[in-house]
Structure formats: C-alpha cells, structure tokens
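I opened this notebook to record what I looked up in the structure. The entries follow in the order in which I made them.

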Amino acid sequence: MCGRLSQYRGIHDFVAALSMPNVLVNTVGDQPLERYNVAPVTQVALLHLEGDTLHANRVRWGWRPHWAKDRAAPINARVEKVAHGPFFRAIWPHRAITPIDNWFEWVDEGGPKKQPYLIRHRDGSPILCAAIGQLPDSDEGPGEHDGFVLITADSSGGMVDIHDRRPVTLLPALAREWLDPATPKERAEQMVLQQSEPTEVFEWFKVDNAVGNVRNKGSELIKAIHE
C-alpha cells in the first residue's frame, strides 16, 4: 500500500455504514470531508470506542514508539507481525477503524512514470479499514504523540497486479467487533489475519498522474481516465 487515500463523505455517512447505534462524540464536524488526496502525516478521520461511546476524531496518519526516535513514523503495520512484534506492542490493544472512500496504488507499467490506480468497493460503499494507534483521550483531549497505522496484508487474486500489499478491510459486523474493547486480542488477530474482505468486492481503474502531487486536492483526482 503506497499511502494515499480519499475521505470525501461526511463522518455520519461513515458511521451509518458501520451500523453502530452507540452515542457518537464527533470532533470531526458534520460537513462532507471532501478530501480526495489524503497523504501520510496529515490528520485523518478515525473512529474508535471508549466504553460504549463511539468517537470520531482527526488523528495523524503515522505513529512510532517514543524509544524509536531515529526511525521515521510508520504509516502501515504488516498483519503478519503486528500482534507480536515489539514495535507496535503498546498500541496493539488500541483498535480503531479508518473509514475511507478509496485508496490509490502506483504500478510500474513500463512508462516514464508509474501509473496511479484508484481502488474502491464495486458498490461504492465506504471501506472500513482496520487500524491501531495512540488515540485521543476523551478527558484529556488530543495528545502530542497521538497517531495511527493501517494494518496491511498480502494482496490476493487480481489485486496483486496492482500492488502486493493492501489494507485489511472489514465488513461492518466484523468492524464493530474489532472496535469493541471487550474483544479478546486473540480474536482481533484472527479477524485481521483471516477475515479481511475478498478481492472480489473491489474494483480498480487508472486515474490521472496529478494524484501523485499532494498539492492537488480536487474531485477530478478520483475520476477514471480512458486511454
């Protein structure tokens, strides 16, 4: 996963896709997010549970432990290692969902530049990505070291032609279970290892190279190009 995504719906649309009746504490705002070219280290809308309350916050995409000062903050965590490796041990219990509309990958097709592709659900519904992080505390508010990483897995089926890694995405029922603090860590690991959505629910198509420049922000970035 190359590290670029879109969040253009409103947070209430994402919450509706999650189908959670919980009380929502929303610091993201009620208007459409309208972010078509979201890059790492920026603030990204994130959903997590505190008790029975669902929280929607903007959290930095990227996190590293305090002891890894000389290392760049990772934006992704490999599902094969995340539950047991020392790097993410502190945040593995702190589960979240990053709701997105699509993500982008770049493919070497032999041209002067890699070709960007947009990947989304075939039915156009929001995508619920498994994430972990150091998350804002409802009492203390956002912290200096808050951040999150997306969990990624090997691609399968035709998607391997686009990229060899992809975000772990969950159906709503599994996403709710993932968010629930009462879900055992072993069950959470099983979900992200074995129950990510299949390739068949996605579609992908070429988009303009303009998406490669983070200064480009418009909705034209998610439109297919026809050669």
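Predicted model: local features only at pLDDT ≥ 70, side-chain atom pairs only at ≥ 80, totals over all residues.

**Entry 1. Strand β7.** β7 and strand β10 (residues 127-134) run antiparallel to each other and are joined over six bridges. Within this pairing I found Ile97 opposite Ala130 of β10. I then looked up the burial of β7 (residues 95-100) and noted that six of its six residues are buried. In a regular strand the side chains alternate between the two faces of the sheet.

In soluble globular proteins, nonpolar side chains tend to be buried together. I looked up the cores with that in mind. The largest nonpolar core holds 38 residues, and Phe88, Trp92, Ile132, Ile151 and Trp178 have the most contacts inside it. At least two residues of this core come from each of α1 (11-18), β4 (43-50), β5, β10, β11, α2 (172-179) and α3 (185-194). Another core lies apart from it and has 18 residues, including Ile75, Ala96, Ile119 and Cys129.

**Entry 2. Helix α1.** I next asked which residues of α1 are buried. They are Ile11, Phe14, Val15 and Leu18. Viewed down the axis of α1, these buried residues fall within an arc of 100°, so they line one face of the helix. Just after α1, I noted that Ser19 takes a positive phi of about 60°.

**Entry 3. Aromatic pairs.** I counted nine aromatic pairs, taking ring centres within 6.5 Å as the cut-off. Why is the pair of Trp61 and Phe148 classed as stacked? Their ring centres are 6.4 Å apart and their planes meet at 10°, so the pair is stacked, the cut-off for that class being under 30 degrees. Trp61 lies in the loop between β5 (53-60) and β6 (76-78), whereas Phe148 lies in strand β11 (residues 147-154), so the pair ties together parts that are 87 residues apart in sequence. Trp61 is buried, with a relative accessible area of 0%, and Phe148 is buried with a value of 0%.

I also looked up Phe87 and Phe88, which form an edge-to-face pair with 5.0 Å from centre to centre and 70° between the planes. Phe87 counts as buried at 11% relative accessibility, and Phe88 is buried at 10%. Trp63, Trp67, Phe87 and Phe88 make up one aromatic cluster. Over the face of Phe87 I found Arg71, at 4.2 Å from the ring centre.

**Entry 4. Surroundings of Phe148.** I returned to Phe148 in strand β11. Residues up to four places away in sequence aside, Phe148 touches Val44, Leu46, Val59, Arg60, Trp61, Gly62, Trp63, Ile75, Thr98, Ala131, Ile132 and Gly133. Lastly, I checked Phe148 against Lys206, 58 residues apart along the chain, and found their C-alpha atoms separated by 28 Å.

Note on methods
Residues numbered from 1 in each chain as written. Heavy atoms only, no water. Phe/Tyr/Trp six-rings, centres within 6.5 Å; stacked < 30°, edge-to-face > 60°. Helix = DSSP H or I, 4+ residues; strand = E, 2+ residues; numbered from the N terminus. Buried < 20%, exposed > 50% of the residue type's maximum accessible area, 1.4 Å probe, protein only. Lys NZ or Arg CZ within 6 Å of the ring centre and 35° of its normal. Pairing = 2+ DSSP bridges. Core = buried A, V, L, I, M, F, W, Y, C linked by side-chain atoms within 4.5 Å. Arc of directions from axis to C-beta. Contact = heavy atoms within 4.5 Å.
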